[in-house]
Amino acid sequence: APYLQRAGSDRMTVRWRSAGKGTGVVCFGTSPEDMTAVARERGPGWPKFVARKDIETWDTVEAAEHQVHLTDLDPHTTYYYAIGSDLSGGAADSRIEIRSADRVAIPQDKYYAFTTFPEPRTKLADPVRVWAIGDSGWGDHKAGRVRDAFMNFTGGDWDLTLGLGDLAYLRGKDWEYQ
């Protein structure tokens, strides 16, 4: 699943991992029916191709880490997005794996959403709800109870999650975060 970084009132960075090769692509818009804007992965070193352990089989598999910057967004606006890969190597007539050139409905379980921050120094009608977690243990029943209590308290609706550290205990390896 993708995760978000470098959020602002006019920007967002979308990160995710995929199997195999290809350049990361994000289709986005202000409604699920209108994700017509396209941003592509650019910049030195992206995508990053790495060998990772599959956490289910423990086989070593090729993976690509993607980072796509969305810019010139409107403040305090909800955007919907879908992620995918361009396997064409940048050809002008390339088609994106997640959409065709025609309008295609993307199933709800295949797109995500975020809301940009408001303009700096804007007074908000509602408070910002933050879940800050750290030293979350081994993912045992105690951690599950904390998660369940938070979900019950918020109804599953909050604005920001912060990971504060001590989230992988043994060696800080990638598989410990999964």
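These are my notebook entries on what I looked up in this structure.

**Ground rules**

I am working with a predicted model, in which local features need pLDDT of at least 70 and side-chain atom pairs count only at pLDDT 80 or more, while totals for chains, interfaces and linings use all residues. Residues are numbered from 1 along each chain as its sequence is written, and side-chain values use heavy atoms, with hydrogens and water left out.

**Entry 1: the chain as a whole**

I began with the fold elements and noted one helix and ten strands in the protein chain, where helices (H or I, at least four residues) and strands (E, at least two) are DSSP runs numbered from the N terminus. Along the sequence I read the pattern β-β-β-β-β-β-β-β-β-α-β.

I then looked up burial, taking buried as under 20% relative accessible area, exposed as over 50% and partly exposed as in between, with a 1.4 Å probe and protein chains only. Of the 178 residues in the protein chain, 29% are buried.

For contacts, meaning heavy atoms within 4.5 Å, I looked at pairs at least 6 apart in sequence, and 70% of these join residues at least 24 apart.

**Entry 2: salt bridges**

Side chains of opposite charge can pair when their charged atoms come close. I counted a salt bridge where a side-chain nitrogen of Lys or Arg lies within 4 Å of a carboxyl oxygen of Asp or Glu, and the structure holds six of them.

Which residue does Arg15 pair with? Its partner is Glu65, and the closest N and O atoms of this salt bridge are 3.9 Å apart. Because Arg15 lies in strand 2 (residues 12-19) and Glu65 in strand 6 (residues 60-70), the pair ties together parts that are 50 residues apart in sequence. I found both Arg15 and Glu65 to be buried.

Next I turned to Arg40 and Asp86, whose salt bridge has its closest N and O atoms 2.7 Å apart. This pair also links distant parts of the chain, with Arg40 in strand 4 (residues 37-40) and Asp86 in strand 7 (residues 78-86), 46 residues apart. Arg40 has 30% relative accessibility and so counts as partly exposed, whereas Asp86, at 4%, counts as buried.

A further salt bridge joins Asp148 to Arg147, with the closest N and O atoms 2.8 Å apart. Here I noted that Asp148 is partly exposed at 36% relative accessibility, and that Arg147 is partly exposed with a relative accessible area of 43%. Through salt bridges that share partners, Arg15, Arg17, Arg52 and Glu65 are joined into one network.

**Entry 3: aromatic rings**

I took rings of Phe, Tyr and Trp (its six-membered ring) as paired if their centres lie within 6.5 Å, with planes under 30 degrees apart counted as stacked, over 60 as edge-to-face and the rest as tilted. The structure holds eight aromatic pairs.

How are the rings of Tyr81 and Tyr112 set to each other? Their centres are 5.5 Å apart and their planes stand at 35°, so the pair is tilted. Tyr81 is in strand 7 and Tyr112 in strand 8, 31 residues apart, and the pair thus links distant parts of the chain. Tyr81 is buried, with a relative accessible area of 3%, while Tyr112 counts as partly exposed at 28% relative accessibility. I also noted that Phe28, Tyr79, Tyr81, Tyr112 and Phe114 form one aromatic cluster.

**Entry 4: two single residues**

I looked up Leu124 and placed it in the loop between strand 8 (112-115) and strand 9 (130-133). Leu124 is partly exposed, with a relative accessible area of 37%. Apart from its neighbours within four places in sequence, Leu124 is in contact with His76 and Pro118. Leu124 and His76 are 48 residues apart in sequence, and their C-alpha atoms are 10.0 Å apart in space.

Met151 lies in helix 1 (residues 141-154) and counts as partly exposed at 34% relative accessibility. Leaving aside its neighbours within four places in sequence, I found Met151 in contact with Gly156 and Trp158.
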